[in-house]
Amino acid sequence: MSQNNGYPFGFLDEYAKKEVRRSVLKAIALPGYQVPYSSREMPMGRGFGTGGLQLTLALIGPGEVLKVIDQGSDDSVNAVNLRSFVELTCPGIATTAKTEEASLIQSRHRIPEKALNDRQLLVLQVPYPDPLSVVEPSEDRRKAMHGEADYARLLVKLYEDIVKFKEITISHRYPTRINGHYIIDPSPIPRFDVPKLHQSAALALLGAGREKKIYAVPPYTDAVPIAFDDIPFRIEDFNDDQGRRRTCQRCGCQTSYLDEFIDSTSGEKLYQCSDIDWCNDQLTATQHLEEVDI
Amino acid sequence: MKKILEVNSFSKVYGSGCDCCFAETGPERTNICPGCGSVVAAHDVSFSLHQGEILGIMGESGSGKSTVVKSLFFDEPASWGQASFYDNGSRYDLFELNRAQQRQLRSQRFGMVYQNPHLGLNFAISAGGNIAERLLVAGDSHYQRIRSRAQDLLQRTEVLPERMDEIPRNFSGGMQQRVQIAKALATDPPLLFLDEVTTGLDLSVQAAILDLILEIQHELQTAMIVVTHDLGVIRLLADRTLVMKYGRIIEAGLTDQILEDPQHAYTQRLVASAL
Amino acid sequence: MTVAPILRLENFCKNFALHEQDKVIPSSAQVNLSVYPGRLTALIGPTGSGKSSVLNGIYRTYLTSSGRILYRCAAGEEIDLARADDHDILALRRSEIGFVTQFLHFLPRQKTEDVVAQPLYQQGVDKEEARARARATLEALNLPRRLWSLSPTTFSGGEKQRVNLARGLTARPRLLLLDEPTASLDPRTCQRVVAQIKSLKKANIAMLAIFHQMDLVKQLADEVVELSPAAEGVMGGQP
C-alpha cells in the first residue's frame, strides 16, 4: 500500500474501498438498482461530489488516466478541486482533459460529447438518486414501488406536464428505465445526454454521497427514457425561432449541447459548446481544414 | 347470477389481542376487549356477493362496516378469515395475496370511493391526471387514448370535460365524489366499494350521486358494496343488507325485509327512529 | 281441478316480535292456500287478519315464522320461499314473481315510463321495446300521456297506484301478487284493471290478490281464501 501525506492510496482505507467495490459489483449485477452503502466522510462538503469521488477513489489505480469535468468544463472550481484531491491522494495516476485519453471520467451534469469506448469508465455525481422521491415521500414505499416496477406515478407527472405546458418540461434528471425494470434518476445530466447511456460501450456508475446510494448502467444495456407511446421522448433541439439549429459561436458545431449566455457588452444571447474538450477539438479540426484549404 | 365475492369468518382486531377478545365483545357489549384493550373492529363476518348485485352494510360508527371494505380493498390487513374473489374464471384468495397481486387487483379489478375525497384522489394533480393514474397503473401508456378515456368517464359522471385539467381542490364536494367515481370506474372494475360516499353532501347533491351510482350499476352490471349509516341510501341502492353492530353482523337479508320486518332489537330501533 | 298449483302455502304463520315493547304480535296463522296458473286466488278477511302478511311472506318482504311456501319454478323444481337463499329470491323477483303493493317504491328521479319498464330492463329486454310495452300498459290503465315522462313523485294517490299496477302488469311474471291494487281508483279505471287482469289470466299468469271491493272478488276470483283474525287456520273454498 503506497503512502502519501500520511494517507493510504486513494485516501479511503482498504475496507472502505472494498465496500464501495462490492456495492459497485452488486449495482452492475442489478442494473439500475440503488445499492445502499456506507458513504464515508470526505474532506469536503456532502453535495460537492463525494459520491462520485468515493467511486473514483475506490476504483482508480496507478497507471489510470483521470478526467474530471463539471458541466462540461475541466477548469471549473469543483472539477479542479476534485482532480487535485485525487492527484494528491493517488500517486502514479495521470490526468487529462482529453476525453479519448481518459480511462476514468468523473463528471457532474454532463456526459462527454465524444462517444466513450469499452475501456472507459464514467462516474457521475448524483445529488438525488431516487426518481420516485418527487411522487412518494416514504422511502419504504418507494422501495416497494421499485421492487414491483410500480412507476405509473412518474408517467402521471409527464401527463400533467403535457396538460399544463403542452410538452414534457423535465430538462434534467429525466427518469430512465434501465434494462427493462428499474427506473433511475440519471443525475442532473440534460435530456440531451440521456440517449448516450443507452447501449453505451462504457460502464456508467452513479454515486450519491449524501444519500448513500450507488447504481450502475452496465455496458451495452438498455437505458430508455420513459414516455408515452404517442408522445416520444425527445432531446433539446437548440433551434432558433426560424427552426434553424443554433451553432456554437466558437467552433461552429451544429450537433453539440449548447450553453446559453449573454454577452455583457452587447447584451446579445450567445451559444457555445458546453463540452470544452469537444469544442477545442472542433476548433482544431476547422483550423486544420482551413490550413489545408490554403 | 355468478358469485363474485365470498367472505368467510373475517375478523379484524386492532391491538395485541387476547383469548377473551371475541367472547367479551359483541353487539350486546362493546367492541373494546375488557381483557387487553384491543379493538375488535370486526369478527366472524361472512357474506357473499353476486355479479351486478348491490350489498348494503349498515351500522353506526364503530360498527365495523368500513373495516370490512377497507380490508377487502387491502387498505388494512385482515386479522383472520378468508375472502375469495372470482374473476374471469380464477379465484383469488384475497387475504393471502402478496403486495404486487393486491396492487394489481386494487388498481384494475376493484374500485373504491371514499367518504373523504382526499383518500381517493391526489389533490396535487388534475382531475384528468387522477383518472390517468389509474389507467397508467393498468398499463396504458398512450397519452391521447388516456385523455379521451378520462374525458368520457368525466362526461359519464357529469363533470364538465372542460374542467378535467383543474385540480380537485377547485371542485365542490359533490363534484369531487363524481371525479372519484370516474376514477374508480376507469378500468371497468367488476367490483366497487362505496364508503359513505354521500355523507356530508347537500341533499340534492346526495340524490344526484345516488342516481349516478344506480345508473352505473344498471349499465355496467358492477357489483357494489355500499357502506352507510343512512337508511335512505340503503333503501335506494341495496338489494341485500347486512346490519352490523360492534363488529358483528346482527342481521342480514333482503333490503326490503330488513326495513319492513327487522328481527333484531337494534335494527327495529334503527328503522323505527328513521321513519 | 287437474291443473297443478304453482304456489302452495302450508301452515303459514307470521308473528312480529317487537323487542322494544317485549311483545309478540300474531299476524297470520295457519294459512293454507294454493295458487294456479291462469287463475286468481283472492284473499279475504277483516282488517288485521294478516292478508298482507301472506303476500309479504311469499315475496320475502317478511320472514316466515313457520310453515312452508312451496313454489314451482319455471325450471320445474319446487322451492320453499320461506327458506330459500336471498339470492334465489332476488332472481325469482327479477324473472318470475311480481308484487303490486299499495305503496309505490320507485327511484325518486325516474320517469314514469322508466319506472314501469324497470322490471323489463332487469329481465334484459331491449330499452325501446320495454318502453313501448310500458306505454301500452299505461295507456290501457288510462294514465294521461302527459305524465309518462314525469317522475311519479308528485302524482295523486290514484295516479301513483296506476303506475304501480302498470309496473306489475307490464312485467308479466309467472306469479303476480296484488295487494289492494284498486284501492284508490275510480270505478271506470277499476274496470280497466279488471280487463287487464282477465287478459293476464288468459296469458296463464297465476295471481294471488287482496281486493278492497267484494264485487271485484266476484268478478275475478277463481278461488277465495278467507282469513280470520283468530289464531286458527282457515281453509280455502269455492265462491
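Predicted model: local features only at pLDDT ≥ 70, side-chain atom pairs only at ≥ 80, totals over all residues.

User: What makes Glu113(A) buried?

Analyst: The cut-off for buried is under 20% relative accessible area. Glu113(A) has 13%, so the residue counts as buried.

User: What does the pair tie together?

Analyst: Glu113(A) sits in the loop between strand E6 (104-108) and strand E7 (121-125) of chain A, and Lys196(A) in helix H6 (residues 194-197) of chain A. The pair therefore ties together parts that are 83 residues apart in sequence.

User: Now Glu14(A) and Lys17(A). What makes this pair a salt bridge?

Analyst: The N to O distance is 3.1 Å. The limit is 4 Å, so the pair passes. Both residues lie in helix H1 (residues 14-29) of chain A, three residues apart, about one turn of the helix.

User: Are Glu14(A) and Lys17(A) buried or partly exposed?

Analyst: Lys17(A) has 3% relative accessibility; the cut-off is under 20%, so Lys17(A) counts as buried. Glu14(A) has 33%, so this residue counts as partly exposed.

User: Which residue forms a salt bridge with Arg119(A)?

Analyst: Asp118(A) does, with the closest N and O atoms 3.8 Å apart. That is within 4 Å, so the label holds. Both Arg119(A) and Asp118(A) are exposed.

User: Which residues are linked in a network of salt bridges?

Analyst: Lys98(A), Glu100(A), Lys114(A), Asp277(A) and Asp281(A) are. Over all chains the count comes to 54 salt bridges.

User: Turn to the sheet in chain A. What is the order of its seven strands?

Analyst: The order is E3-E11-E10-E7-E6-E4-E5, in an open sheet with mixed pairing. Strand E3 (35-36) and strand E5 (94-95) of chain A each have a single partner strand, so they stand at the edges and one side of each is left without a neighbour in the sheet.

User: How do you know that strand E4 (residues 65-70) of chain A and E6(A) pair?

Analyst: Pairing needs at least two bridges. These strands have five, so they pair, in the parallel sense. In E6(A), Ser107(A) is the bridge partner of Ile69(A).

User: Last, chain B and chain C. How many salt bridges are counted between them?

Analyst: Three. One of them joins Asp261(B) and Lys14(C) at 2.6 Å, N to O. That is within 4 Å, so the pair meets the rule. There are also 10 residue pairs in polar contact across the interface.

User: Which helix gives the most to the side of chain B that touches chain C?

Analyst: H7(B), with four residues. By class, that side has six nonpolar, eight polar and nine charged residues.

User: What area do chain B and chain C bury between them?

Analyst: About 1,900 Å², with 56% of it on carbon and sulfur atoms. The contact takes 23 residues from chain B and 22 residues from chain C.

How values were computed: Residues numbered from 1 in each chain as written. Chains lettered and ligands numbered in written order. Heavy atoms only, no water. Contact = heavy atoms within 4.5 Å. Buried area = accessible area lost by both parts, 1.4 Å probe. Salt bridge = Lys/Arg side-chain N within 4 Å of Asp/Glu carboxyl O. Polar contact = N/O pair within 3.5 Å; in protein donor to acceptor, adjacent residues only side chain to side chain. Helix = DSSP H or I, 4+ residues; strand = E, 2+ residues; numbered from the N terminus. Nonpolar A, V, L, I, M, F, W, Y, C, P; charged D, E, K, R; others polar. Buried < 20%, exposed > 50% of the residue type's maximum accessible area, 1.4 Å probe, protein only.
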